[in-house]
Amino acid sequence: MSEKNKQLALQIISDTFDKVNNEFEDLEADLIDGVLTIQDINDRTYVISFHEPTSQIWYSSPLSGAHHFEVKFFNNKSIFKDTRDSNLIFPDYFFYEVRN
């Protein structure tokens, strides 16, 4: 993965942190060294990080388990799609889970 795509992944993780802090009063988030840890009011923990050896965003969910998202190009835009289910896009899938 190019340095540009790595920076994109880290920016998406940072933007996810900002959105959680600004829009979700019932979630607590910490972003330390590129690892985003989010805890809900039921003590469920979500972990989001960039895995450099595979160039993927890794997402661990107490609801759906582990997901790996890799960069794909769609309509001249870079997006991160799940490696097992290409219908799942990060961070949309994370926000879907915490809202439901």
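## A salt bridge to start with

Lys72 is partly exposed, at 37% relative accessible area (buried means under 20%, exposed over 50%, and partly exposed in between, with a 1.4 Å probe and protein chains only). Its side chain meets that of Glu70 in a salt bridge, 3.2 Å from N to O (a side-chain nitrogen of Lys or Arg within 4 Å of a carboxyl oxygen of Asp or Glu). Glu70 is partly exposed too, at 27%.

A word on the model: it is predicted, so local features need pLDDT of at least 70 and side-chain atom pairs count only at pLDDT 80 or more, while totals for chains, interfaces and linings use all residues. Residues are numbered from 1 along each chain as its sequence is written, and side-chain values use heavy atoms, leaving out hydrogens and water.

## The other charged pairs

The count comes to four salt bridges. One of them joins Glu23 and Arg99, whose closest N and O atoms are 3.9 Å apart. Glu23 lies in helix α1 (residues 3–23) and Arg99 in helix α2, so this pair ties together parts that are 76 residues apart in sequence. Helices here are DSSP runs of H or I with at least four residues, strands are runs of E with at least two, and both are numbered from the N terminus. Glu23 is exposed at 51%, and Arg99 is partly exposed at 49%.

Asp40 and Arg44 also pair up, at 2.7 Å from N to O. Here Asp40 counts as buried at 10%, whereas Arg44 is partly exposed at 31%.

Setting aside neighbours within four places in sequence, Phe94 is in contact (heavy atoms within 4.5 Å) with Thr16, Val20, Ile38, Tyr46, Ile48 and Tyr59. The C-alpha atom of Phe94 is 14 Å from that of Asn21, a residue 73 places away along the chain.

## The largest pocket

The largest pocket has a volume of about 180 Å³. A pocket is an open set of points on a 1 Å grid over the protein atoms alone, where a 1.4 Å probe fits, with protein on both sides within 12 Å along at least five of seven lines; lining residues have an atom within 4 Å of a point. Grid points are joined across faces, edges and corners, and the volume is the space filled by probe spheres set on them.

Of its 13 lining residues, Ile12, Lys77, Phe90, Pro91 and Asp92 are the closest to the centre. The elements giving two or more residues to this lining are α1, β6 (77–82), β7 (89–90) and α2.
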